[in-house]
Amino acid sequence: MNRLLFPLLLCLSPVALAADYGEPMPAGDAITITEAAANPAAYEGKPAKFSGRITEVCQKKGCWVMLEQDGQSARVMAKDHGFEVPKDASGPAVAYGVLQVEPISEEHARHLVEDDGAKAPAKQELRIVATAISLPDA
């Protein structure tokens, strides 16, 4: 009886597992979105890990998320639409990719709002073209 009960309890106990999307996440520390926003030139164009909290997700496909921290934000886009995250994803996340400072055209802003359900973006944004996203609390 005890041999059957233990595996059953393991299945029923809440266990937090990370959910990973895209390529395997490299080892190493992540740069916070706040740090990246304070000095984007220091991180622009180089692959790195970035951390923040997911506050928005593309509602069409899940191909981008907004990572925010302390009022700063970056749009994380799946490189070449290579992966998607759940449309209801939220909470802490780490993305691995290349940081860019991107101007937002009126046409692209319209697409983000009308097609993807995003809030109206600023004239430019931090963008991370990511090959991996990890959701530690998923």
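This is a predicted model: local features need pLDDT of at least 70, side-chain atom pairs count only at pLDDT 80 or more; totals for chains, interfaces and linings use all residues.
Take Gly52: it's 39 residues from Gly91 in sequence, yet C-alpha to C-alpha the two are 8.3 Å apart in space.

Now let me zoom out. The protein has four helices and seven strands. If you read along the sequence, the pattern goes α-β-β-α-α-β-β-β-β-α-β. There are 138 residues, and 36% of them are buried. As for the surface, the protein exposes about 8,300 Å², with 54% of that coming from carbon and sulfur atoms.

What about contacts along the chain? Look at those between residues at least 6 apart in sequence: 68% of them join residues at least 24 apart.

Next, the inside. The largest nonpolar core has 25 residues, and the ones touching the most other members are Phe50, Ile54, Val76, Ile128, Ile133 and Leu135. Which elements give two or more residues to this core? Helix 2 (33-38) does, along with strands 1 (19-22), 3 (47-57), 4 (64-69), 5 (72-78), 6 (91-103) and 7 (124-135). Strand 7 gives the most, with five residues.

Beyond residues up to four places away in sequence, Ile54 touches Val65, Met66, Leu67, Ala89, Ser90, Gly91, Ala93 and Leu135. There's also a second, separate core of six residues, and Cys58, Cys63, Met66 and Leu112 are among them.

Last stop: Thr131, over in strand 7. Thr131 counts as buried because its relative accessible area, 17%, falls under 20%. Which residues is Thr131 in contact with, leaving aside neighbours within four places in sequence? Those are Tyr21, Gly22, Glu23, Lys79, Phe83, Tyr96 and Gly97. One more pair to find on the screen is Thr131 and Val98: 33 residues apart in sequence, and 8.8 Å apart in space from C-alpha to C-alpha.

That's the tour, thanks.

Technical notes
Residues are numbered from 1 along each chain as its sequence is written. Side-chain values use heavy atoms; hydrogens and water are left out. A nonpolar core is a set of buried Ala, Val, Leu, Ile, Met, Phe, Trp, Tyr and Cys residues joined through side-chain atoms within 4.5 Å. Buried means under 20% relative accessible area, exposed over 50%, partly exposed in between (1.4 Å probe, protein chains only). Contact means heavy atoms within 4.5 Å. Accessible areas come from the Shrake-Rupley method with a 1.4 Å probe; for residues, only the protein chains shown count as cover.
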